Amino acid sequence: MKASKSVYNALIDSGISFVAGVPCANLDNLINLIENKEEGKNKKESDIQYIIATREEEAVGICGGAHLANKRTAILMQNSGLGNCINAIGSLCKIYDIPILFIISHRGELKEQIPAQIPMGKWTKKLLETVDIPYYCPKTPEEAYKYICLGSDYAETMGAPVAVLLDAIYWEHDR
């Protein structure tokens with residue numbers, strides 16, 4: 001569970017107190033940590049509020065509202081949902097300077113076993129570049145921790161989203 005724990009620790013250490021998202025198998029351990037389903041939770045860890053969204057663009061809107069309530073926010077999703085929320089990113093985040101850290105399970109590249117995931121896997125980085133969202137692709141839990149902390153601060157400084165893409169090779173650290 002090293003990969004998920006590293007992401008979780010980075011969220012806490014970044015001051016992120018509100019997370020919304022659409023569940024994904026790769027994010028399951030992380031979601032369980034956020035929901036405090038692991039024994040030994042402490043007060044600091046229970047300060048993250050998690051809302052399950054039905055669609056990714058809904059998560060963008062929910063995090064936009066949380067930002068207006070002075071929360072530092074993140075969205076958890078699979079990259080297949082990136083296309084669903086492009087308009088919400090453009091018409092909400094970019095227009096109103098809303099910083100959100102996107103933690104994206106990047107499916108469809110190396111080690112992918114489901115052919116339907118491959119097209120979006122190939123388009124994900126191009127889509128992020130098209131909508132001018134900086135993204136980072138850590139390969140180790142240590143890199144993920146670093147990029148999530150830096151990415152969260154960068155999003156706040158820019159007043160715009162930043163993405164961290166975590167691929168199948170990254171999630172091998174959870175096994």
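User: Which helix is Ile118 in?
Analyst: Ile118 has its place in helix α5, residues 118-130, where helices (H or I, at least four residues) and strands (E, at least two) are DSSP runs numbered from the N terminus. Please keep in mind that this is a predicted model, in which local features need pLDDT of at least 70 and side-chain atom pairs count only at pLDDT 80 or more, while totals for chains, interfaces and linings use all residues. Residues are numbered from 1 along each chain as its sequence is written, and side-chain values use heavy atoms, with hydrogens and water left out.

User: What is Ile118 in contact with?
Analyst: Leaving aside neighbours within four places in sequence, Ile118 is in contact with Gly108 and Glu112, contact being heavy atoms within 4.5 Å.

User: How many salt bridges does the structure hold?
Analyst: The structure holds seven salt bridges. One of them is between the side chains of Glu142 and Lys2, at 3.3 Å from N to O; because Glu142 lies in helix α6 and Lys2 in helix α1 (residues 2-13), this pair ties together parts that are 140 residues apart in sequence. Glu142 is partly exposed at 48% relative accessibility, and Lys2 is partly exposed at 47%.

User: Changing topic, which strands pair with β6?
Analyst: Strand β4 (residues 101-106) runs parallel to β6 and is joined to it by six bridges, with Leu101 having Val162 as its bridge partner. Strand β5 (residues 135-136) also pairs with β6 in the parallel sense, over two bridges, and there Tyr136 stands opposite Val164. Two strands pair if DSSP finds at least two bridges between them.

User: Why is β6 largely enclosed by the rest of the structure?
Analyst: Six of the six residues of β6 (residues 162-167) are buried, so the strand is largely enclosed. Both faces are covered, with Val162, Val164 and Leu166 buried on one side and Ala163, Leu165 and Asp167 buried on the other. As background, side chains in a regular strand alternate between the two faces of the sheet.

User: What about the largest nonpolar core, how many residues has it?
Analyst: The largest nonpolar core has 29 residues, and those with the most contacts inside it are Val7, Leu11, Ile34, Leu76, Leu101 and Ile148. Helix α1 gives the most to this core, with six residues. A nonpolar core here is a set of buried Ala, Val, Leu, Ile, Met, Phe, Trp, Tyr and Cys residues joined through side-chain atoms within 4.5 Å.

Conventions:
Buried < 20%, exposed > 50% of the residue type's maximum accessible area, 1.4 Å probe, protein only. Salt bridge = Lys/Arg side-chain N within 4 Å of Asp/Glu carboxyl O.
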